[in-house]
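Here is a short briefing for a reader new to this structure. Start by looking over the sequence and the model.

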Amino acid sequence: MNQDQTMHEKGDAAFKKADKDNDGTLDRKEAKKMPRVSRNFAAIDTDKDGTVSLEEVHTYMAAHPRTKAM
């Protein structure tokens, strides 16, 4: 397993842990458990529905790579 896969899996696990109501999305309150997502919430929420999906998070992180994911 390479480093990108490991970071991806850690990000997925952090997302699932933050998703307290298990609806597959994070609202602003839930996103506070993921500081990078919380800081960039408006940019990640591309459909502007007030929540971010795991797909939206992945899309944002792929476009804005960093040494440490989420």
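A residue counts as buried when its relative accessible area is under 20%, and as exposed when that area is over 50%. Values in between make a residue partly exposed. The model is predicted. With that cut-off in hand, begin with helix α5, where Leu54, Glu56, Val57, Tyr60 and Met61 are buried.

- Where do the buried residues of α5 fall, seen down the helix axis? They lie within an arc of 160°, so they line one face of the helix.
- An α-helix has 3.6 residues a turn, so residues three or four places apart point the same way.
- The other side of α5 carries exposed residues: Glu55, Ala62 and Ala63.
- Which elements do the buried residues of α5 pack against? They pack against α1, α3 (residues 35-39), α4 and the strand β2 (residues 52-53).

**How α1 meets α5**

- Two packed helices are described by the angle between their axes and the distance between the axes.
- Helix α1 covers residues 3-18, and helix α5 covers residues 54-63.
- Their axes come within 11 Å and cross at roughly 145°.
- The crossing of α1 past α5 is right-handed.
- On the α1 side, His8, Asp12 and Phe15 make the contact.

**The largest nonpolar core**

- In soluble globular proteins, nonpolar side chains tend to be buried together.
- How many residues make up the largest nonpolar core here? It has 13 residues.
- The members that touch the most other members are Phe15, Leu26, Met34, Val37, Ile44, Val52 and Val57.
- Helices α1, α4 (residues 41-44) and α5 each supply at least two residues of this core.
- Helix α5 gives the most, with four residues.
- Val52 has contacts beyond its neighbours within four places in sequence. Among them are Phe15, Leu26, Val37, Ile44 and Val57. Val52 is also in contact with Gly24, Thr25, Phe41 and Asp45.

**Two loop residues with positive phi**

- Asn22 sits in the loop between α1 and β1 (residues 25-26). Its phi is near 50°, a positive value in a residue other than glycine.
- Is Asn22 buried or exposed? Asn22 has 63% relative accessibility, so it counts as exposed.
- Lys48 is placed in the loop between α4 and β2. Phi of Lys48 is near 55°, again positive in a residue other than glycine.
- The relative accessible area of Lys48 is 58%, which means that Lys48 is exposed.

- Lys32 belongs to the loop between α2 (residues 28-31) and α3. Its relative accessible area is 60%, so Lys32 is exposed.
- The C-alpha atoms of Lys32 and Ala18 are separated by 8.2 Å, and the two residues are 14 residues apart along the chain.
- Lys10 is in helix α1. At 59% relative accessibility, Lys10 counts as exposed.
- Lys10 and Gly24 are 14 residues apart in sequence. From C-alpha to C-alpha they are 16 Å apart.

**Partly exposed residues in helices**

- Ser38 lies in helix α3. Its relative accessibility is 28%, so Ser38 counts as partly exposed.
- Which residues does Ser38 contact, leaving aside its neighbours within four places in sequence? Ser38 is in contact with Ala31 and Lys32.
- Ser38 and Val52 are 14 residues apart along the chain, with their C-alpha atoms separated by 9.9 Å.
- Thr6 lies in helix α1. At 27% relative accessibility, Thr6 counts as partly exposed.
- Thr6 and Tyr60 are 54 residues apart along the chain. Their C-alpha atoms are separated by 18 Å.

Methods. Residues are numbered from 1 along each chain as its sequence is written. This is a predicted model: local features need pLDDT of at least 70, side-chain atom pairs count only at pLDDT 80 or more; totals for chains, interfaces and linings use all residues. Side-chain values use heavy atoms; hydrogens and water are left out. Axes are lines fitted to C-alpha atoms, for helices over the stretch in contact, and angles run from 0 to 180 degrees between N-to-C directions. A crossing is left-handed if the near helix is turned anticlockwise from the far one by less than a right angle, and right-handed if clockwise. Contact means heavy atoms within 4.5 Å. A nonpolar core is a set of buried Ala, Val, Leu, Ile, Met, Phe, Trp, Tyr and Cys residues joined through side-chain atoms within 4.5 Å. Buried means under 20% relative accessible area, exposed over 50%, partly exposed in between (1.4 Å probe, protein chains only). The arc is that of the directions from the helix axis to the C-beta atoms.
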